[in-house]
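Here are my notes on this one, point by point. Have the model open while you read.

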Amino acid sequence: QKCPPAAAPNVKNVKQMLLDWCRAKTEPYEGVDIRNFSSSWKDGIAFCALVHRFFPDAFEYSILNPNKPKENFQLAFDTAERLAGCPPLLEADDLVRMKEPDWKCVYTYIQEFYRCLVEKGLVKTKKRP
């Protein structure tokens, strides 16, 4: 499996910035410890926490079960699609089959979710002059 050629040199900064953003947004949530774009997301709870942070009325976070990753993925992706207009780029079934999610898939999805939130005015970006 070949990786796509590295984009601009700042791609690493973007990745780190997005990881820091995810960490900051999910920090108050119990059971979420985002250290990377793969194993930190494998039970679906981190996705749910991130979505819940922006749409707290969409579902009850406290009753989620880390032992039900498929349901968690589905809930997060469905909610993100319904409320943020984020296309369901990931399949819950695929993620459950993997030992841990492919970081490129998770990263791509989070980028898209972030972009949709910005479009909806839910995330403030620093405007470049």
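1. I started with Phe73, which is buried at 0% relative accessibility; buried here is under 20% relative accessible area, exposed over 50%, and partly exposed in between, with a 1.4 Å probe and protein chains only. Keep in mind that this is a predicted model, where local features need pLDDT of at least 70, side-chain atom pairs count only at pLDDT 80 or more, and totals for chains, interfaces and linings use all residues. Residues are numbered from 1 along each chain as its sequence is written, and side-chain values use heavy atoms, with hydrogens and water left out.

2. Now the overall layout. The protein has five helices and zero strands, so expect an α-α-α-α-α order from the N terminus; helices (H or I, at least four residues) and strands (E, at least two) are DSSP runs, numbered from the N terminus. Of the 129 residues, 37% are buried. Take contacts (heavy atoms within 4.5 Å) between residues at least 6 apart in sequence: 59% of them join residues at least 24 apart.

3. Back to the rings. There are 13 aromatic pairs in the structure, counted when ring centres of Phe, Tyr and Trp (its six-membered ring) lie within 6.5 Å, with planes under 30 degrees apart called stacked, over 60 edge-to-face and the rest tilted. Trp41 and Phe47 make a tilted pair, 4.8 Å centre to centre with 50° between the planes. Both partners are buried, Trp41 at 0% and Phe47 at 2% relative accessibility.

4. Why is the pair of Phe73 and Phe77 stacked? Their planes are at 15°, with the ring centres 6.0 Å apart. The two sit four residues apart in helix α3 (residues 69-84), about one helical turn. An α-helix has 3.6 residues a turn, so residues three or four places apart point the same way. Phe77 is buried too, at 2%.

5. Worth a look is Lys15, whose charged end sits over the ring of Trp103, 3.9 Å from its centre (the test is NZ of Lys or CZ of Arg within 6 Å of the ring centre and within 35 degrees of the ring normal).

6. Helix α3 has 16 residues and spans 21 Å from its first C-alpha to its last, close to the expected 22 Å, which is 1.5 Å times one less than the number of residues. Its buried residues are Asn72, Phe73, Ala76, Phe77, Thr79, Ala80 and Ala84. Just after α3, Gly85 has a positive phi of about 70°.

7. Finally, the core. The largest nonpolar core has 39 residues, with Trp21, Trp41, Phe47, Ile110 and Phe113 having the most contacts inside it; such a core is a set of buried Ala, Val, Leu, Ile, Met, Phe, Trp, Tyr and Cys residues joined through side-chain atoms within 4.5 Å. Each of α1 (11-26), α2, α3, α4 and α5 supplies at least two of its residues. Leaving out residues up to four places away in sequence, Trp21 touches partners including Leu50, Phe54, Ile110 and Phe113.
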